[in-house]
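Hi,

Here is the structure I promised to pass on. My notes on it follow below.

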Amino acid sequence: NLRSEFSLALAKVFAESKDVRELIKKEALKQFDYDYDVLYMLVKDKKIGNNKTLEELLLKYMNKENLLILIQEIPTLTIFVPSLPEESFSAEKWDIKQEIPFVAYKNEDNTISYVNSAGIVNTFEEDEIPVFPIVVIKPSERIVLQKGTRNSNSSTVLHAENGINFVFEFDEFDNVTSPQIKTRTSTTTIPDLFKKIYDAKKFSDQNDIWQRDYIYYNISKKDGKGVFQKNISECIY
């Protein structure tokens, strides 16, 4: 319920404020974690149009106590700007003057709903992918709260204005530190079993295909055709 309340408030603020749309687009394009993520705690107190903050605008449509509870439950609350098929929407192509995005969020039953500024809520079917402007409310998978000595002194610390600090789950997600400072001391040989994953990224960059089209169907070009590969199983490597 708190996610849906926040999502509706954000949808309303998007509709009334081009400055907020500009803020989220600008922050997403920074790719501070190598994705188009905007960590709410890092932007909520930024001054925008009429010298108001994002949080002050949200509180016009959301109960303050509920917002505090939501942040306590999800301190890494993130506004994610996806790159959608057919070049229909992305952080780069977002026309902030014309495009007012829907706001999507996950329900307790793991379904995904999305809401507009009028409060109209719809739910995606499992096989549906949006091709219209939309952002997603979610916890960050790449940022964690800084706790004690869990993280090394060399970790990049992200300071929120209210005193809460965050660090990257893994240094590979750190797109804040200067690349000249980040160095790798060893190289990893890619096992043959996983080479296809790296090839999928290569073909995706070169030919603008979906990586999984190559992994599951051996499709390496946009006009390609393929047969489903039944011997693929997913893992984290």
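Helices (H or I, at least four residues) and strands (E, at least two) are DSSP runs, numbered from the N terminus. With that in hand, strand β2 (residues 77–80) and strand β6 (residues 134–139) run antiparallel and are joined by 4 bridges, with F80 opposite V136 in β6.

Now the provenance. This is a predicted model, where local features need pLDDT of at least 70 and side-chain atom pairs count only at pLDDT 80 or more, while totals for chains, interfaces and linings use all residues. Residues are numbered from 1 along each chain as its sequence is written, and side-chain values use heavy atoms, with hydrogens and water left out.

**The six-stranded sheet**

β2 and β6 sit in an open sheet of 6 strands with mixed pairing, in the order β1-β2-β6-β3-β4-β5. Its edge strands, β1 (37–39) and β5 (121–123), each pair on one side only. From one strand to the next the twist averages 30 degrees. Helix α2 (residues 18–30) lies across β1 and β2, at about 110 degrees to β1; axes here are lines fitted to C-alpha atoms, for helices over the stretch in contact (heavy atoms within 4.5 Å), and angles run from 0 to 180 degrees between N-to-C directions.

β3 (102–106) and strand β4 (residues 112–115) pair in the antiparallel sense over 4 bridges, and V103 stands opposite V115 in β4. There are 5 residues between these two strands, and N110 in the turn has a positive phi of about 75 degrees. β4 also runs antiparallel to β5, joined by 3 bridges, with S113 opposite T123. That hairpin has 5 residues between its strands too, and G119 takes a positive phi near 85 degrees.

**The three-stranded sheet**

This one is open and antiparallel, in the order β7-β9-β8. β7 (143–145) and β8 (157–159) are at the edges with a single partner strand each, so one side of each is left without a neighbour in the sheet. Ignoring direction, neighbouring strands are turned by 35 degrees against each other on average. β7 and strand β9 (residues 165–168) are joined by 3 bridges, and L145 has F166 as its bridge partner.

**Two residues to look at**

Leaving out residues up to four places away in sequence, T76 touches L39, K138, P139, S140, I143, V144 and F166.

L8, in helix α1 (residues 2–16), is partly exposed at 27%.

**A pocket**

The second largest pocket has a volume of about 250 Å³. On a 1 Å grid over the protein atoms alone, a pocket is an open set of points with protein on both sides within 12 Å along at least five of seven lines, and lining residues have an atom within 4 Å of a point. Points join across faces, edges and corners, and the volume is the space filled by probe spheres set on them (1.4 Å probe). The largest share of the lining, 3 residues, comes from α1.

Conventions:
Two strands pair if DSSP finds at least two bridges between them. Buried means under 20% relative accessible area, exposed over 50%, partly exposed in between (1.4 Å probe, protein chains only).
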